[in-house]
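Here is a short briefing to read with the model open beside you.

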Amino acid sequence: MAVTIKDLARLCGVSVGTVDRALRDREGIRPATRERILATAREHGYKPNIVARALKTRRTWDVGLVVHDLDNEFFAELVNAIQETAWKQGYFIQIAVSRRDPGRERTALEHMAGRAVDGILLFPTSADPGFDAFLRSLGRPIVTIANRVSSSWPFVGLSDRAVLREATRQIISRGYRRLVYVGPLEAFASRINLYEIEERWAGLREAAAEAHGVQSLLFPRADYVEQVRKLDLASVRTAVICASDVFALEILTDLRARGVQVPGDVGLMGFDSIDALRYISPRLSTVEYPIQRMGEAAFSLLVQPGDTADPANRAPAAVPAIELEPRILWGESL
């Protein structure tokens, strides 16, 4: 006969709640008591009854996470931060990769809702006008990250416009008179949610408009490397500001191959501060995403500790929006 959590509580002389904290590695229990409970569970071959727990608590203890991809180090690091935060609260993460495909994104969301996950953390891809209504039809708590869908949904992101405005001001103060923003907006126009990329471009434009004689250009196509090649770098001091470190590294590789010096011939800046930058020379200027804080903030909006209500029936509250302050990291590329 299978050993239950009540059996473990009786064998260890503790409450069912204490056994639950030990098994789920939660706080509020002495280390010696935790180890004694875990040893007893191993000795008696205890296996948790996931279905019974879900029926009792009206929770599955699963949270969905939909990201654009895992090729970009930024998403891999953020998934890790969210996973660690969830683990500490006894939750498991179901991960889906949308590949920035709105159809694939919808399929993943429907699958997660069908599995009655307790909530979904979403990096929105779709820019479809009906996407907001589709999300409401899922009947699950959802927190959007980085890209806004609408004011209907809790949001965690960066003050993208403000940080690019400040970075651009400082770049202008270093004598740059032509600012090129690399953000492939045109390649995905009307189909993909590009909120954060558009906000960064807006911040750059605002700073350029404040200055006298500063030109701002947008390279919105997927062939941005080729567009940078066509720039006359001798005529005006130019800085290329990219919406992500990945774009900046692709451009840097091409500049090196052509013998163009950074920052001697052209300045270069990325965004995200991915871990790979530590191996790059010259050290790339970038904007550091507070990845750990973003993961913790998003999960805390989705799952409140001690909240025992059925997630699908949670009482409506004011829709929160958290904009975290990133940090500009000046390297050797400007």
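Helix α1 (residues 5–12) and helix α2 (residues 16–23) have axes that come within 9 Å and cross at roughly 105°. This is a predicted model, in which local features need pLDDT of at least 70, side-chain atom pairs count only at pLDDT 80 or more, and totals for chains, interfaces and linings use all residues. Residues are numbered from 1 along each chain as its sequence is written, and side-chain values use heavy atoms, with hydrogens and water left out.

**Helices α1 and α2**
- The two helices are therefore roughly perpendicular to each other (angles of 65 to 115 degrees count as such).
- On the α1 side, the contact (heavy atoms within 4.5 Å) is made by Ile 5, Lys 6, Leu 8 and Ala 9, and they meet Val 16, Val 19, Asp 20 and Leu 23 of α2.
- By type, the residues of this contact are 6 nonpolar, no polar and 2 charged.

**Arg 34**
- Look for Arg 34 in helix α3 (residues 31–43).
- Arg 34 counts as buried, at 17% relative accessibility (buried means under 20% relative accessible area, with a 1.4 Å probe and protein chains only).
- Neighbours within four places in sequence aside, Arg 34 is in contact with Arg 21, Ala 22, Asp 25, Arg 26 and Ile 29.

**Helix α5**
- Phe 74, Phe 75, Leu 78, Val 79, Ala 81, Ile 82, Thr 85 and Ala 86 are the buried residues of α5.
- These residues cover an arc of only 165° around the axis, which puts them on the same side of α5.
- They pack against β1 (62–67), β2 (92–97), β3 (120–122), β4 (142–145) and α12 (291–302).

Key
Axes are lines fitted to C-alpha atoms, for helices over the stretch in contact, and angles run from 0 to 180 degrees between N-to-C directions. Helices (H or I, at least four residues) and strands (E, at least two) are DSSP runs, numbered from the N terminus. Angles under 35 degrees count as roughly parallel, over 145 as roughly antiparallel, 65 to 115 as roughly perpendicular and the rest as oblique. Ala, Val, Leu, Ile, Met, Phe, Trp, Tyr, Cys and Pro count as nonpolar, Asp, Glu, Lys and Arg as charged, and the others, Gly among them, as polar. Buried means under 20% relative accessible area, exposed over 50%, partly exposed in between (1.4 Å probe, protein chains only). The arc is that of the directions from the helix axis to the C-beta atoms.
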